[in-house]
Structure formats: structure tokens, C-alpha cells
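Hi,

Here is the structure I said I would pass on.

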Amino acid sequence: IMGLMDKYTTFFDHVLSDSFYPGLQRAIGVGSAFEGWSPREQDVVYQVLIPMTPPRGHSFHLELGTAGQRRLRNFHIRVQQECTCTSEQQVENMLCFLHHPQQELSSQQEPSLLDTLCTDSYLDVHKTARWFCQLVRAIWPALPQSHRWHLTLLPSRRSCQFKVTNGTESFRIEMLFGVRREDSHIFVSSQTREAYTASTTWPETYAVAEAEFFKHIARQAPADSLHLKCLQFFARLQLGIGFSTYTTKTIAMHLLNVLPVSQWRRRDFLLRLLDVIESLRLCVQAKRLRHFIVGNRRLPGDIHLPRDVQRAQTHNLFQHLAQQSAAHRQAISEYRVL
């Protein structure tokens, strides 16, 4: 999968180098498939995040939305044109969007990013996804993989989803795109969080930071560590019961952050499963499950967070249990079944 993504990155760089579309950087594998614990091995979706950079003559500015969006940590990406007239910023064969007449710009230069992928000066997820899918389809015949594999694009409004098959094997891939926050492992991305997400809304994502956490654990874990098997087993066990796999993942990450990796060996498997189920019981009882990234000041030092994420009030993933008594009763019932 990453070999295919690297080939795409090479062509993205070649095709977009002189354009006014976002630059696309090397893909980052995220989610359970790349972390090594997917509960649905037979139906896995390989998610990758493609970092975007502003094209020449443009800049990105991340803005938190309304009070409600601030609580949900939803952002907008404001696109701003920059002056390229000065010698330090001047680009060969490029007219300055700010200081050249509109008639000259429209006749001699490709449209600005504001005129292609934006809505009211803000980068539009739906427009970006359509452009991205067209780019993926157009580049595919030039890739060496196209000689042995068949590409099928799948419907999606906020990402580029496709399937590659060669007659015997099939892989489903979802390419998300986003903008890095400062020099950190936190991005704003196209991935949806609520049932409906506006086209100019880019939710903050912690997927890269979480993937980095699993890499950190892997570097320390003994050869016979079963921490991923433990998470995979429990996540598969509770499929269809009501608790999300993200709930299980969050509990496991909290445990991995406090228990030494030496206590996740084969002989400890049952004890760690009991730890997971007991932690879930306590969280359901207290109606509180702390987000692993937001507000966590005990993360390993090689995971870099923006200061506002590190110092934010801890987000409660079980907030709905605290607000809705019926949901709390249902969670207790589902826990007993589990």
C-alpha cells in the first residue's frame, strides 16, 4: 500500500509543481490497519492521510469556528493570496495575484486556488475531494501498478476511496487529506466527525499522533509482546455490541501508557484483557472516558502537540452517557452482555 502511495506522491509532485493547486506530500498510514490491530482483517480499509501545503502565491490560515465548533475542535482553512512582486518572493513566469490586472491574470495565468477549490475564501472539502479523485484517476495509468491491478473509484464526498484488484487479491484504500498544525503530529483533515459536516469544516484529527504512539510502544516492546493482539481480540469481541472500536482503542492506549511494555507478554494476555474490561466498567460507571490525546500531558516526548491541544480541557468520550440517562442504562446493559 505504501509503495503505491509513494508512486502517487512522485507523480503528484511532478504534476502539481507549477500549478496553483495544493502541494501533496508523502502519505502517512493511519488507523487500525497501519497500527496493526484491525478487528476486521477480511474487510480492512487502509487509511492514509495526505498532508497538503499551499501553492505558490497562497497561504493557509487555520481558524477555529463558532463556540460549538471550538468545543468539537472544528477548523476552517482560510486561503489568502500573497504578494509575489518582491525579489525574495518572485517566482519565475508567475504574475502576482494581488498586483497584476485581473484581465492580464485571466488571460496569461491559471486560476488562483481561491477560484478553484474554495468557497468564500475557505478551502472546500467537497471540491478538494472531487479534484483529488480526478487526479488519482488521471495518474493511475502512468503507475507501474496499473499493469497488474485494476482501479475502481468508490463514492465519497470528503475523501478519495478506491479499490485495487488483480483477480485474486483486493485492497480498499481511503486517501484523506489535511493540513498540519504547526510542526506537530496534529492535523485538520477531511475526515468527517459528525453525521453532517459542512464542506468548509475541517475537524482536528489525532490519527497521526495515535499512530506515532503505537510506533513508540513497538520500539520498546519485547519480541513476544501481545499488546496488539490483545487490542485486536477485544475490539473484535465487542463488534456489534454497541461500544465503538475507538472506545476500546482509547482504553488500550491509556493502559499502554501506564503499564510497562514488559507486562504485555504472552503470559500476561488474560490479565491485560481483564484490565481492559475492568477499565471499561469503571468508565461506564463514572460516565467518563478521557480522550487519549487532547489534554494529555503524559504522552511520550516524541509525540508533538500544539500547545492548545496539550493544555486543552480533557475531552470526555462518554459525555453522552452523562447527559442521557437512557444511553447510560443502555451502556450498562451492553457491558453486561460483553
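**Notes on the model**

Asp120 sits in the loop that runs between strand S6 (118-119) and strand S7 (122-123); strands here are DSSP E runs of at least two residues, helices are H or I runs of at least four, and both are numbered from the N terminus. Its phi is near 50 degrees, which is positive although the residue is not a glycine. Most residues other than glycine have a negative phi. Asp120 is also exposed, at 65% relative accessible area (exposed is over 50%, buried is under 20%, partly exposed is in between, with a 1.4 Å probe and protein chains only). Glu182 is another case: phi is near 55 degrees, the residue is in the loop between strand S10 (170-180) and strand S11 (187-189), and at 58% relative accessibility it counts as exposed.

Before you go further: this is a predicted model, where local features need pLDDT of at least 70 and side-chain atom pairs count only at pLDDT 80 or more, while totals for chains, interfaces and linings use all residues. Residues are numbered from 1 along each chain as its sequence is written, and side-chain values use heavy atoms, with hydrogens and water left out.

**Domains**

The domain assignment, which comes from an automatic or database source, gives domain 1 (1-206) and domain 2 (221-336). Their C-alpha centres are 31 Å apart. Between them they bury about 1600 Å², with 61% of that on carbon and sulfur atoms (buried area is the accessible area, 1.4 Å probe, that two parts lose on being put together, summed over both). On the domain 1 side, Trp37, Pro39 and Tyr206 lose the most area to domain 2, together 40% of what that side buries. In contact terms (heavy atoms within 4.5 Å), 16 residues of domain 1 meet 19 of domain 2. Three salt bridges cross this interface, a salt bridge being a side-chain nitrogen of Lys or Arg within 4 Å of a carboxyl oxygen of Asp or Glu.

**Helix H8**

H8 (residues 245-258) has 14 residues and spans 20 Å from first to last C-alpha, close to the 20 Å expected (1.5 Å times one less than the number of residues). Of those 14 residues, 10 are buried, so the helix is largely enclosed by the rest of the structure. The buried ones pack against H2 (32-35), H6 (207-220), H7 (227-237) and H9 (269-286). Lys249 is among the buried residues, and Glu35 forms a salt bridge with Lys249, closest N and O atoms 3.0 Å apart.

**Glu204 and other charged pairs**

Where does Glu204 sit, buried or exposed? It is buried, with a relative accessible area of 2%, and lies in strand S12 (residues 202-205). Its side chain makes a polar contact with that of Arg73 at 2.4 Å, and another of 2.8 Å joins it to the side chain of Arg181 (a polar contact is a pair of N or O atoms within 3.5 Å; within protein, one must be able to donate a hydrogen and the other to accept it, and residues adjacent in sequence count only if both atoms are side-chain atoms).

The salt bridge count comes to 14. One of them joins Arg26 and Asp6 (2.9 Å, N to O). In helix H9, Arg281 and Glu278 lie three residues apart, about one turn of the helix. Salt bridges that share partners join Arg73, Arg181, Glu182, Glu204 and Asp308 into one network.

Cheers
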